[in-house]
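The following paragraphs lead the reader through one protein model, from its overall layout to selected side chains. Please keep the sequence and the coordinates in view while reading.

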Amino acid sequence: MKNARHQQILLLIRQYDIETQEELADLLNKTGFTVTQATVSRDIRQLQLQKVHTENGRQKYVQSAEGNIDLSLRYKRVLKDAYVSMDISGNIIVLRTISGMAMAAAAALDSLDWREVLGCIAGDDTIMCILRSPEDGESFINKVNELLR
């Protein structure tokens, strides 16, 4: 859902001169995405959108040059750099990271918006991912291993 919303945001900012988060939220709601201003704010940050001046003296959101890099590549890089090991117990996955990297890796996992993951909790070097069911463990492990390749 988030990936589809991000794609819609990128389409909208190319199509319209959107000056505020509220304008963007209204357009997203009109196109079938139910969002709040807080969600739009987070999306803008994750997509690294910037405001630029237009010819008429107003401002609009644009995608920064750095924002053109595929977000999944960034997440993959964070996980690759942080990952130490992974283990499973029922519907809980415990990932070990190098010291200080668990929060960044957990944020990357959350941002991937995988159906199997209800959420992640991170400490300094450990992430606990809660899956929807024990049956989702194999799928999750396969996806993580694919990212690490």
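The model is a predicted one, and its residues average a pLDDT of 89, with 95% of them scoring at least 70. Confidence is highest in strand 4 (residues 92-97), at a mean of 97, and lowest in helix 4 (residues 71-82), at 79.

The protein contains six helices and six strands. Their order along the sequence is α-α-α-β-β-α-β-β-α-β-β-α. The C-alpha trace spans about 55 × 30 × 25 Å along its principal axes. Of the 149 residues, 37% are buried. The accessible surface amounts to about 8600 Å², and carbon and sulfur atoms contribute 50% of that area. Among contacts between residues at least 6 apart in sequence, 51% join residues at least 24 apart. As to charge, there are 18 positive and 20 negative side chains, and the centres of these two sets are 3 Å apart.

What surrounds Tyr61, leaving aside its neighbours within four places in sequence? Its contacts are Ile13, Ile18, Glu19, Thr20, Gln21, Ile44, Leu49, Gln50 and Lys51. Tyr61 is counted as buried because its relative accessibility is 7%, the limit for that class being under 20%. Arg45 is 16 residues from Tyr61 in sequence, and the two C-alpha atoms are 11 Å apart.

One of the contacts of Tyr61 is Glu19, which also takes part in a salt bridge with Arg58, at 2.3 Å from N to O. This pair links distant parts of the chain, 39 residues apart: Glu19 is in the loop between helix 1 and helix 2 (21-30), while Arg58 is in the loop between strand 1 (49-53) and strand 2 (59-63). The two partners fall into separate accessibility classes: Glu19 is buried at 18%, whereas Arg58, at 45%, is partly exposed.

The model holds six salt bridges in total. Another of them joins Arg5 to Asp43, with the closest N and O atoms 2.6 Å apart. Because Arg5 is part of helix 1 (residues 2-15) and Asp43 part of helix 3 (residues 37-47), this pair ties together parts that are 38 residues apart in sequence. Here both side chains belong to buried residues: Arg5 has a relative accessibility of 12%, and Asp43 has one of 0%.

Beyond helix 3, the chain passes through Gln48, in the loop between helix 3 and strand 1. Most residues other than glycine have a negative phi. Gln48 is not a glycine, yet its phi is positive, at about 55°. With 26% relative accessibility, Gln48 is partly exposed.

Helix 5 itself has the buried residues Ala102, Ala105, Ala106, Ala108, Leu109 and Ser111. How can the spacing of such positions be read? An α-helix has 3.6 residues a turn, so residues three or four places apart point the same way.

Arg115 pairs with Asp136, the closest N and O atoms being 2.8 Å apart. Since Arg115 is in the loop between helix 5 (102-111) and strand 5 (117-122), and Asp136 in the loop between strand 6 (126-131) and helix 6 (137-148), the pair ties together parts 21 residues apart in sequence. Arg115 is exposed, at 51% relative accessible area, while Asp136 is buried, at 8%.

Glu116 occupies the loop between helix 5 and strand 5 as well. Is Glu116 buried or exposed? Its relative accessible area is 3%, so Glu116 is buried. Apart from its neighbours within four places in sequence, Glu116 is in contact with Ile130, Leu131, Arg132, Asp136, Ser139, Phe140 and Lys143.

Terms used. Residues are numbered from 1 along each chain as its sequence is written. This is a predicted model: local features need pLDDT of at least 70, side-chain atom pairs count only at pLDDT 80 or more; totals for chains, interfaces and linings use all residues. Side-chain values use heavy atoms; hydrogens and water are left out. A salt bridge is a side-chain nitrogen of Lys or Arg within 4 Å of a carboxyl oxygen of Asp or Glu. Helices (H or I, at least four residues) and strands (E, at least two) are DSSP runs, numbered from the N terminus. Buried means under 20% relative accessible area, exposed over 50%, partly exposed in between (1.4 Å probe, protein chains only). Contact means heavy atoms within 4.5 Å. Accessible areas come from the Shrake-Rupley method with a 1.4 Å probe; for residues, only the protein chains shown count as cover. Lys and Arg count as positive and Asp and Glu as negative; His and the chain ends are not counted. The place of a charge is taken as NZ of Lys, CZ of Arg, CG of Asp or CD of Glu. pLDDT is the predictor's confidence in each residue, from 0 to 100.
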